[in-house]
Amino acid sequence: MQVHVHQDFDEIDAAGWNRLFGRDHPFTRHEFLAALEQSGSASAGTGWQPLHLTLREDDGALLAAMPLYLKSHSMGEYVFDWAWADFWQRNGRSYFPKLLTAIPFTPCVGPRIGCLREADRPAVTASFFAAVRQLAAEHRFSSWHLLFPAEAAATLPGGLLRRDGWRYQWTNAGYRDFGEFLASLSSKKRKNIRQEQRRLAEAGITFETLEAEAIRPEHWSHFYRLYQSTYLRHGQFGYLEADFFTRLAETMPEHLVLVRALRAGACIGAALYLRSADTLYGRYWGCSDPLPGLHFATCYYQGIDYCIRRGLKTCDPGVQGEHKIARGFLPVRTHSWHWLADPELGRAVGHFLEQERDAVDAITEDLGRRSPYRQSP
C-alpha cells in the first residue's frame, strides 16, 4: 500500500474522508478540519503545517486516512511536552519541528485513523507508522505524537510510549430534568449550585439555546467578539479566526449548539457546543461581563440541562479544572502515544512517563474520591 502525503486538505475528497471516520463525530468531519485550515486557524503560518496521510484503492477511492501536522511549537495540543523540548534543547538538539496526529485546539477523544475495512486496520496502521518514521528520517523531525485517540491500544503500532492523563465527563443517569440531577448530588454541592443559579437570576440573567440554522450571522459575529474579548482580558488572542465559525455554520450546522446568557435582552456571555448523536462537547466560550458563576452556568449547567432534555448520554467540557467535579463532572482516564526518533530522547521520556504515571494514578484516585454524588451516577 502506498501512502500519500497531502499538504492541502482540499486534495482529499470530503465524502470519502467522512466515510472513513463517520459523519457523527464532529471533530473528525472533513468540514471541521477544512474550516480550521481554510480559515487560517491551523496552517503553516500558525505552526500547524498539514501533512495528512491517505491510502487509496486501485481506483483512487480512499481506503484509509490519518490527520497529520508538522508542528513548530506545542501550543493548542493540551498534552504538554514543553519539558521534553527543554531537555532536548539543553542537550544541544532540536525538538521542533515534530509530527502530530491530533485535532487542532480540540482535546476530545475520537478516532484518529479512519479505515474503510476493519480487517485492513493492522496493515493500514503499520503503513502510516512507517510513513511517519520515513518523514522523520528524511527531514530530521524529532518525534510523532498521537493525542486523544479512541483507538484501542492493541490496534496501535508497537514501540510507542504511553502517556496517561484525565479529563472530566458528565454521564446522564436517565435524569428526567435538571432538578433530578441536582437531587442526585450531596446536599452541600446541591446547595452551592442553587446559590450560583439564584445569584445570576437576581442579576437578571436568563439563557437561550440556539441550534443549527437558528444561529444567525449576527449571533456569530457577537459570539466571536465575546470569544476574543475573553482571551484579551488575559493578554492573549484566541487561536481561532472568525471565518472558522462562519464555515462551521455553513457546512455542519447540525452539530452546533449556542447557549447565550442574556441580561435585559442583551447577550453578555455565550458558549458554543458541538454535539454528536450521544455527546455534547463544550468547546468555546466568551463574555463581556464575567459575573461570578456565569461561566459555570453557561458552560456546565446549561450543557447538562441540554443533554437531559435531548436524551444525550454524555456532556464533555474538556480537560483541566478540578472545579468541574463539584458540578457533576467526574474524572475519566485518557491516553496519548509518543514515538521519539532518537533513542536517547526516547529513554529519557520513557523514564519520565513511568514516574509521571505513578503520580497520575494517585491524582486520579484522589479525584475519584471527591465525587459530588450521593451515590455513583
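Aspartate 278 is partly exposed, because its relative accessible area of 32% falls between the limits of under 20% for buried and over 50% for exposed. The model is a predicted one, and in it aspartate 278 sits in the loop that runs between strand 12 (266-275) and strand 13 (279-287). When neighbours within four places in sequence are left aside, the residues in contact with aspartate 278 are Leu312, Lys313 and Thr314. The C-alpha atom of aspartate 278 is also separated by 8.9 Å from that of cysteine 315, a residue 37 residues apart from it along the chain.

Serine 276 lies in the loop between strand 12 and strand 13, and this serine is buried, with a relative accessible area of 5%. Leaving aside neighbours within four places in sequence, serine 276 is in contact with Asp24, Pro26, Tyr281 and Leu312.

## Strand 3 and its two partners

Strand 3, which covers residues 52-56, is mostly covered, since four of its five residues are buried. Strand 1 (residues 3-6) is joined to strand 3 by four bridges, and the two run antiparallel; within this pairing, valine 3 stands opposite leucine 55 of strand 3.

Strand 3 also pairs with strand 4 (residues 62-66), again in the antiparallel sense and over four bridges. Here leucine 55 stands opposite alanine 64 in strand 4, so that leucine 55 has valine 3 and alanine 64 as its opposite residues, given that strands count as paired when at least two bridges are found between them. The hairpin formed by strand 3 and strand 4 has five residues between the strands, and in it glycine 60 takes a positive phi near 95°.

Side chains of opposite charge can pair when their charged atoms come close. The structure holds 29 salt bridges, one of which joins the side chains of glutamate 196 and arginine 327 at 2.7 Å, N to O. Glutamate 196 belongs to helix 6 (residues 187-202) and arginine 327 to the loop between strand 14 (314-318) and strand 15 (330-340), so this pair ties together parts that are 131 residues apart in sequence. Glutamate 196 counts as buried at 14% relative accessibility, and arginine 327 is buried as well, with a relative accessible area of 12%.

A salt bridge also forms between the side chains of glutamate 211 and arginine 310, at 2.4 Å, N to O. This pair links distant parts of the chain, with glutamate 211 in strand 10 (residues 205-211) and arginine 310 in helix 9 (residues 294-310), 99 residues apart. Glutamate 211 is partly exposed, with a relative accessible area of 21%, and arginine 310 counts as partly exposed at 42% relative accessibility.

## A further pair and a network

The side chains of glutamate 322 and arginine 370 meet in a salt bridge of 2.8 Å, N to O. Here glutamate 322 lies in the loop between strand 14 and strand 15, while arginine 370 lies in the segment after helix 10 (343-368), and these distant parts of the chain are 48 residues apart. At 41% relative accessibility glutamate 322 counts as partly exposed, and arginine 370 is partly exposed with a relative accessible area of 39%.

Salt bridges also link Arg162, Asp164, Arg333, Arg357 and Asp361 in a network.

Key. Residues numbered from 1 in each chain as written. Predicted model: local features only at pLDDT ≥ 70, side-chain atom pairs only at ≥ 80, totals over all residues. Heavy atoms only, no water. Buried < 20%, exposed > 50% of the residue type's maximum accessible area, 1.4 Å probe, protein only. Contact = heavy atoms within 4.5 Å. Salt bridge = Lys/Arg side-chain N within 4 Å of Asp/Glu carboxyl O.
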